[in-house]
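Student: I have a structure open beside its sequence, and I would like to learn how to read it. Could you take me through some features?

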Amino acid sequence: MSLFPNKNNNKNKNANIQVGRLNKQHNINNITLNAANPSSPYDNIDDTSNGEWTHMPNKRNLSDSSDPQSPDPNINKNKKLFITKNRYELLQVEPQITQNLTTETQNSTSETPNYVNPIKPPPPIFVKGIVKFPDLCAALIEKIGVDNFFCKSSADSLKIQTANPDAYRTLIHFLRDQNAQFHTYQLREDKPTRVVLRNLHPTTSTELIKSKLELRLFEVRKVTNVLHKSSKSPLPLFFVDLEPTDHSNDIFKLSSFLHTKIKVEEPYKPKVISQCLNCQDYGHTRAYCGYPARCVRCSAFHPSSECTKTRETAAKCALCSGDYLANYRGCSDYKELQRRKTPTTKSNFLYDNIKHNVNNYNVKANHPLPTSFGNNSAAPSKTYAQATSSQPSQSSPSTPPSDLTVTISSFVDELKSLINPLIALLTQSVLFDKRIDIALISEIHFTEYSYISIPGYCLIKSNHPDGTAHGGAAILIKSSLKYYSLVNYSQNHFQSCAISIKINNIPVAIAAIYSPPKHNLTIDNLTDFFDSTANNFIIGGDYNAKHQSWGCRVTNSRGNLLYNFTNMKKYKILAPPGPTYWPTSVRKKPDILDIFVTKIPRNLYYSINNILDLNSDHSSVILNIDVTPQARSISPKLFTAATNRLKFHNIIAEEINLKISLKSAQEIDDAVNYLTTLIQSAASKSNTLNTTKNSAHNHPIVSEQVRSLIVEKRRARARYQITRLPSHKSAYNRLANSLKKLLAKNKADMYEQKLTSLSSVDGSLWRETKKLLQYKRPSVPLKKPDNPFAFSDDDKAEVFKAHLHETFQPHHDILSPEHIEEILQMFEF
């Protein structure tokens, strides 16, 4: 009785499971899969091979990096390179004593128990097309045992997890005999430990490298020289595949090899998703695939090498049935998998894909139909506007546009797409230097296909409603903050995107807005926009509204409208103290255009300032929201209670010069400045109060050098946690040690500065001495009623219970007749 439905007869004969040496089992964590090695799994196993490989011919020519080679037995690993005289020959122990010691050592060794490393579970096996699951379980119990597997079912497959490699191999044999549809992965013990040797000259022979490594007791499978991607010239990089032994990771300790300073690193992980060359599905490779073969060109159930499709015939994807090959990176299934995959690195640049539409007519253009193959003259031509907008050409030919406006507009859009990466870099520097949590960006010039990616930040954007690259607003928020996006508001007069975040347990909507200056706003436009927001909000951006009430140089009609509207709604406008718009034209003057319209509770405090780092013709504005009021800066005073007035008078009398000329206005101004400077310096010298307050609230200020080093150390730690490369670990350790030394030096300097600032005049020396000599009373432990100490929490709770029970008792004589009669007599009197 069959457990699985019959598959197509056109199976891929090369889709076999790769197995390695079965006589060794090691625990290797950092290993790399050599995918292109479809050798036969079970025909080449030999228990008496003594660790040797047998190479079987394949139908497909393999690359140099995937063809395993047998180790050369002619190389003498124990060959001595130098023969020297033993200078300590006189100290040699007698043979009898040595023999006795050897015997004792052997006996002690034989008594030592042999510890076996725990075997990690093999990779899972995913099976599809099961007809009867109980019959399959009965067959598996008979083949591999009842305790050697467990199953987990999903919507389209059954996951089988075996307990050991032997059960895994037996199950693979059984599934192949049953003609089942399944896929799996390579065993851990079969994977080589792959490393990269850097800075070794490319002319070095791979056989020489292999022999020298074997002299260092490394079991080498393969050494491959890495070639350049385009020119195919050899690079000073070598891939070394080692047997997964216990000491294979010791190769990372090599710093010199063949008289060359080298670096041993782990290879970079591939960023693309692996695709099976047999069934064209993603997530596994052909060597571990048991599904029926599908063609990469026509999606039929036959191997791709047997396809008879011509170039004139349109291709068909085996995954989504699109008009392209199955390995096309624009496939919708591949894009969905790539979106779900967590990226290993994040780009810092802004990308603007120029209208890469995924409609079928764009794909058909690369694969013309047979009707248009023989008649090239009849092929319709595209206009410039159609080519730039990715629209299909019309059947009738059209002449190029006579008006240059379209061409100039397209040139401006392309120029903005080139300038935007520079803006992204400048924006990134402002974000990290100023420690910005949420960034509101106006006039982003984004389209549907544009995005910006900055490490540690998420992007929310709102484009112009017509879809062209102008206007728009965006928000960059830290990934560590909890938020959720609100509905975008995209109209011709307003483009806004918003998020909701809790500040001091109060939900506040934060939105970025841009309002183009060419539109005439009305009170209905403002009402419609602000009514769509939450109860508490902070909306910042370029309103293109000027009013003298928030510091603008002049007032325009839009400013009057916004001013009246905010007064009517009782909103508050927060504006920076300085200009935010810096025009390039000499006829215009700087002014304030970037403001915040807010409605926040009174228990939230704010401060707003300018950042004079130009990202465009607008400078940034920073708004700080605090849950506690900010400390007010103490205004400087000329005289204080600790000023020595006698010393002040003496300094003035000694340093003042009364023999000066006062005949011109310039001489009078100079004399006034001289007298003012003299008074200020004399008051500063006569002030005996210590400016450095030794208070518990006077926290030390971290220098900019320490802050930058902390940021670099955190980035290095995150980089090492992602890649796990030894070089990244060394960089992280170096920065951590530098930070420790710098903090220790700053702490010593601050302590020295504090000691030097102590004085007996202002009493600071006495206060510090009193703190050091102050007697601290130890806390007396609790005692039980029978006088032993209560140490545990239960004993302490019982002591408190007894004390509270004894203290809070009702009055014993509150209801006595004598007391009642006495009270009544007092009232009668």
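Student: Which residues does Y543 touch, not counting residues up to four places away in sequence?

Tutor: Keep in mind that this is a predicted model. Setting aside those sequence neighbours, Y543 touches I513, S515, F530, R558, L562, L593, I595 and V597.

Student: Which residues of the largest nonpolar core touch the most other members?

Tutor: Here is the general idea: in soluble globular proteins, nonpolar side chains tend to be buried together. In this model the largest nonpolar core has 23 residues, and those touching the most other members are F530, I539 and Y543. Two or more residues of this core come from each of β17 (506-514), α9 (523-531), β18 (537-542), α10 (557-569) and β20 (594-599). There is also a second, separate core, with 19 residues, including I460, I475, I510 and I538.

Student: Which strands pair with β5?

Tutor: For pairing, look at the sense and the bridges. With β7 (residues 234-242), β5 pairs in the antiparallel sense over six bridges; T193, for instance, has L242 as its bridge partner in β7. With β8 (residues 263-265), the pairing is again antiparallel, over three bridges, and here V196 is partnered by E265.

Student: And loops? Where is N463 placed?

Tutor: With a loop residue, ask what lies on either side, then what the residue contacts. N463 sits in the loop between β12 (457-462) and β13 (473-478). Leaving out neighbours within four places in sequence, its contacts are I444, F446, T447, E448, G472, S490 and Q495. For T447, the side chain of N463 reaches the backbone oxygen at 3.2 Å. As for E448, it is 15 residues away from N463 along the chain, yet their C-alpha atoms are separated by 7.4 Å.

Student: What pLDDT does the chain average?

Tutor: Check the predictor's confidence both overall and by stretch. The chain averages a pLDDT of 75, and 72% of the residues score at least 70. Residues 93-115 have pLDDT below 50, and this stretch has one contact in the model beyond near neighbours in sequence. Residues 344-402 are also below 50, but that stretch has 68 such contacts.

Conventions:
Residues numbered from 1 in each chain as written. Predicted model: local features only at pLDDT ≥ 70, side-chain atom pairs only at ≥ 80, totals over all residues. Heavy atoms only, no water. Helix = DSSP H or I, 4+ residues; strand = E, 2+ residues; numbered from the N terminus. Contact = heavy atoms within 4.5 Å. Polar contact = N/O pair within 3.5 Å; in protein donor to acceptor, adjacent residues only side chain to side chain. Pairing = 2+ DSSP bridges. pLDDT = per-residue confidence, 0-100. Core = buried A, V, L, I, M, F, W, Y, C linked by side-chain atoms within 4.5 Å. Buried < 20%, exposed > 50% of the residue type's maximum accessible area, 1.4 Å probe, protein only.
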